[in-house]
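Good morning, everyone, and thank you for coming. Please take a moment with the sequence and the model before we talk through a few of its parts.

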Amino acid sequence: MKNLLLMIIMGTAVVMTSCTDVEVLPRTTSTENNILENELAYKQFLAKLYAGYSTSGQSGPAGSGDIGGIDEGFSQYLRQYWQLQELPTEEAVISWSDGTLFTLNLQTWDDQNEFVAGLYYRIFYQVGLANEFLRAASDSKLDERGFTDEQKAEVATYRTEARFIRAFSLWHALDMFGNVPFATEADPVGTIPGQVDRQFLFDFIEQELNEIESELPDAGTNEYGRADKAALWTLQAKLYLNAEVYTGEAHWTECITACKKVIESGAFEIESNYQLNFMADNHTSKEIIFAATFDGLYTRTWGGTTYLVNASIGGSMTPTDYGVTGGWWGLRATSGLVDLFPVGDNRALFWTDGQTKEISEISEFTNGYAVPKYVNITSTGENGSHQTHPDTDFPFFRLADVYLMYAEAVVRGGTGGDVATATGYVNELRERAYGDASGNILSGELTADFILDERGRELYWEGHRRTDLIRFKQFTENGIWPWKGGVAAGEETSTHFNLYPIPSTDLLTNTKLTQNEGY
């Protein structure tokens, strides 16, 4: 991490210098000052921050990986985030036996799990990149480089986005690991970070988002894939929705306030076609607020939606129907997800031909319904630009989620919203799902348990389920689904699994850290 800028300089030196004297070793005079010499260079640095959610290294789909100790494709940020949010729930299982991957299905992982470690290091690599950007983009650095006021104003907007990216990844750390190492751009490079608790991290993220809110572009006005005020408000809503888990104190009213800002901005709307949000041209969706972007020609990875599309195909499925040339025979749903959907709900994107509903062997792809939710086909039926690496973006935040967060916060007692409005938002989603009003509910039916099920129906396989189940006290205790706890019928597990462990490798390296309880 401390050599990040050096790596950027050395990589750039390849195209900035040449050797005309064969008796002299090639050398470069590139430094931080002449690499980051204008606002375009800072925009390129910012692009690396956003790319941290989509790519896995310096070349694609693999090669020169950002982190070591794990297969580069397995280590990709979104792939591991998705797996840790979905595989320990009723929404997904995977048939592969790579390393300790199976323990995610069973909720039996420990601090030696390489997939848990993969996400942990991705998160803090991303935070470290953001910190380095903020160091390099300080007002004093820009003054040293002779930036004009106009250039400084442009870089200031990038600086705000870097702070959002850092807050977004710190929220992942807060949600998944709890008590974690912490450093900002104010800490000298090379300092071994101390550990902070969840309350400290919650407060830091909350303050960061409050400070940068006015500085981000208005909702819907930034370039696609970059953060704006709506992305910030949605992250605030997520933070407040789960505040009671993180800190012991509920923030339902603050969640409603953040959701209302997104909704009332008018910048987003519910798409009439649910599937457009998961297709190769989903960048055209008016519903997606913030996404990890992918492109089959220019943003290739063995993680991301390459993984989600290809690993969901197998059995009797025809890969070309989904815009790819081959399936990886990996991901399916348990009956716990299938049973959430009544007849007529068109969000149930399951492949059942040749598949059993129940899973007797997780390693058999034909056990469990396949879920081709993400496809490399456009809404007009065209293939994506590449038949292995999809153009399909991953929606971190959608307006549908904001509707459901508003509804839940109202039901749980938050002020500033009302049940009638919340019911209207839910019914808007259900009318899309059913094609008419036949699935609509009455206000009296809008309960917390209903909302948990509706979140499963609307948002399955979008990286929310573990967090949702923990908030409803259904992830370890109470909730039962096939193979939870390592038995076919499912059983309750220890509540210590509500947090992932600090990887043992980091505990050995940083003696300031204490392991999460139970590991």
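How many bridges join strand β4 to β6? Strand β4 (residues 288–292) is joined to β6 by 4 bridges, and the two strands run antiparallel; strands pair if DSSP finds at least two bridges between them. This is a predicted model, in which local features need pLDDT of at least 70 and side-chain atom pairs count only at pLDDT 80 or more, while totals for chains, interfaces and linings use all residues. Residues are numbered from 1 along each chain as its sequence is written, and side-chain values use heavy atoms, with hydrogens and water left out.

Within this pairing, I288 stands opposite R398 in β6. Strand β6 (residues 394–398) is largely enclosed by the rest of the structure, because 5 of its 5 residues are buried, meaning under 20% relative accessible area with a 1.4 Å probe, protein chains only.

Let us turn to the helices. Helix α9 (residues 149–176) and helix α10 (residues 198–212) pack at an angle of about 155°, with their axes 10 Å apart, and they are therefore roughly antiparallel to each other, a term for angles over 145 degrees on a scale from 0 to 180 degrees between N-to-C directions. Their contact (heavy atoms within 4.5 Å) brings residues of α9, among them F164 and W171, to meet residues of α10, including F202 and I205. The residues of this contact divide into 11 nonpolar, 1 polar and 6 charged.

Finally, the axes of helix α13 (residues 252–265) and helix α16 (residues 399–411) come within 9 Å and cross at roughly 145°.

Note on methods:
Buried means under 20% relative accessible area, exposed over 50%, partly exposed in between (1.4 Å probe, protein chains only). Angles under 35 degrees count as roughly parallel, over 145 as roughly antiparallel, 65 to 115 as roughly perpendicular and the rest as oblique. Ala, Val, Leu, Ile, Met, Phe, Trp, Tyr, Cys and Pro count as nonpolar, Asp, Glu, Lys and Arg as charged, and the others, Gly among them, as polar.
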